[in-house]
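Please read the following report alongside the sequence and the model. It begins with the chain as a whole and then turns to helix packing, aromatic rings and backbone details.

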Amino acid sequence: MNIEIGKKIRLLRLGIGLTQEQLAEKLCVTAQSVSKWENDVTAPDIGLLPQISAELGVTIDELFSMTDEVRLSRIENLLSNSSKNTVIPQCDFESYRAFLIEHKDTPELRGRVLTALAWLYGQQATAYHMSAAKYVKEAIEFQPEKKSNHSVLCMAMNGADRDWHTSNNHELIDYYMDFVEKYPDNVPALQLLLDNLIADNRADEAELILAKLKRCDNTCRALWYKAQICHIRGDKDGAQTELHRMTEQFSEDWLAWAYKGDFFARLAEYDKASECWLRSHELQPSPKMTDNLLCLAEVCVIKNQFDKAAQYYRDTIELLKTDYNTTEGDMIDNYKARAEMYEKM
């Protein structure tokens, strides 16, 4: 039997979001047996192979000799189903990284592989930042006067930075300025450029980029960006006018209401924001995104409405079940833990 079978079982299991215990239960074996397979201590009984392949969603041939396409898909699924605070075990990280590096110049896979590589590093970086936040909070409790502890926490949790030279976005802005010169109709790039110009209060440049965006994407986004530009110029009435125009002109567009909710939330006008997010959630067709419910939950936490926050996390879990058939995994566990925590407060 191929000695790689254990590693392939592990990769496939993680790709569909099963724990060792869950796979063991489906196969009527012990979790220890699955663990031994995955660590190549023992091999599964040959009579189990048809059921193992069926539970993992592959053929027996693929189980023994996974194609590059299948392996890439499994890595993509693993990353997309991972909670942002889940650290990928180092052995798995190195295995995925080595595979992706090896195939980054394969023409038919190149785009997906490069994206997966960036995602892999980004997922791990985010998870490590959250681990850093956990430990530095303990350090702060132990040495609350130590300034460097507070600096690390701010860095780990992407907090506000008082120093302009370390917090402005000029390098990212320069990159996208050059990029949109080459690709003037690239909507995601224009949006990201606008986001960062507005974050840095560079209103005049943002106006110029908004004019370019309107030529290729004159949707509710154009009015939302216009409202933000008015706001950073100190024109509050103008910002309100643009927001009203947006939800009047695009009254049935769930995204317009979501944008309006985000705008009010940044002004700490949480009741107005919540009304907009609820309207957005109502309008959005299935499969609905979880963003509106998560925004509502976070606002409830800010307002100390913990029972409502818990319910919105429960609603998020139900949405993932009904719209995506997702009932297990790190993401679900994270929302369950939050709901249970806030139910006790």
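Among contacts in the protein chain (heavy atoms within 4.5 Å) between residues at least 6 apart in sequence, 55% join residues at least 24 apart. The model is a predicted one, in which local features need pLDDT of at least 70 and side-chain atom pairs count only at pLDDT 80 or more, while totals for chains, interfaces and linings use all residues. Residues are numbered from 1 along each chain as its sequence is written, and side-chain values use heavy atoms, with hydrogens and water left out.

**The chain as a whole**

The protein chain holds 20 helices and zero strands, where helices (H or I, at least four residues) and strands (E, at least two) are DSSP runs numbered from the N terminus. Taken along the principal axes, the box filled by the C-alpha atoms is roughly 70 × 50 × 50 Å. Of the 345 residues, 39% count as buried; buried means under 20% relative accessible area, exposed over 50%, and partly exposed in between, with a 1.4 Å probe and protein chains only. The accessible surface comes to about 19,600 Å², and 52% of it belongs to carbon and sulfur atoms; such areas come from the Shrake-Rupley method with a 1.4 Å probe, and for residues only the protein chains shown count as cover.

**Two packed helices**

Helix 13 (residues 203-216) and helix 14 (residues 220-232) have axes that come within 10 Å and cross at roughly 170 degrees, the axes being lines fitted to C-alpha atoms over the stretch in contact, with angles from 0 to 180 degrees between N-to-C directions. The two helices are therefore roughly antiparallel to each other, a term for angles over 145 degrees, whereas under 35 counts as roughly parallel, 65 to 115 as roughly perpendicular and the rest as oblique. On the side of helix 13, A203, A206, E207, L210, L213 and K214 meet A222, Y225, K226, I229 and I232 of helix 14. By class, this contact has eight nonpolar, no polar and three charged residues; Ala, Val, Leu, Ile, Met, Phe, Trp, Tyr, Cys and Pro count as nonpolar, Asp, Glu, Lys and Arg as charged, and the others, Gly among them, as polar.

**Aromatic pairs**

The structure holds eleven aromatic pairs, meaning rings of Phe, Tyr and Trp (its six-membered ring) whose centres lie within 6.5 Å, with planes under 30 degrees apart counted as stacked, over 60 as edge-to-face and the rest as tilted. Two stacked pairs are set out below.

| Pair | Centre to centre | Angle between planes |
|---|---|---|
| W224 and Y259 | 4.1 Å | 5 degrees |
| Y313 and Y342 | 6.2 Å | 10 degrees |

W224 lies in helix 14 and Y259 in helix 16 (residues 254-266), so this pair ties together parts that are 35 residues apart in sequence, and both W224 and Y259 are buried. The pair of Y313 in helix 19 (residues 306-324) and Y342 in helix 20 (residues 330-343) likewise links distant parts of the chain, 29 residues apart, and both Y313 and Y342 are buried. Elsewhere, ring pairs link Y175, Y176, F179 and Y183 into a cluster.

**Backbone details in loops**

In the loop between helix 17 (270-283) and helix 18 (291-302) lies P287, and the peptide bond from S286 to P287 is cis, with omega near 0 degrees. N158, which is not a glycine, has a positive phi near 55 degrees; N158 sits in the loop between helix 9 (147-156) and helix 10 (164-167) and counts as exposed at 69% relative accessibility. N201 has a positive phi of about 60 degrees although it is not a glycine; N201 is placed in the loop between helix 12 (187-199) and helix 13 and is exposed, with a relative accessible area of 51%.
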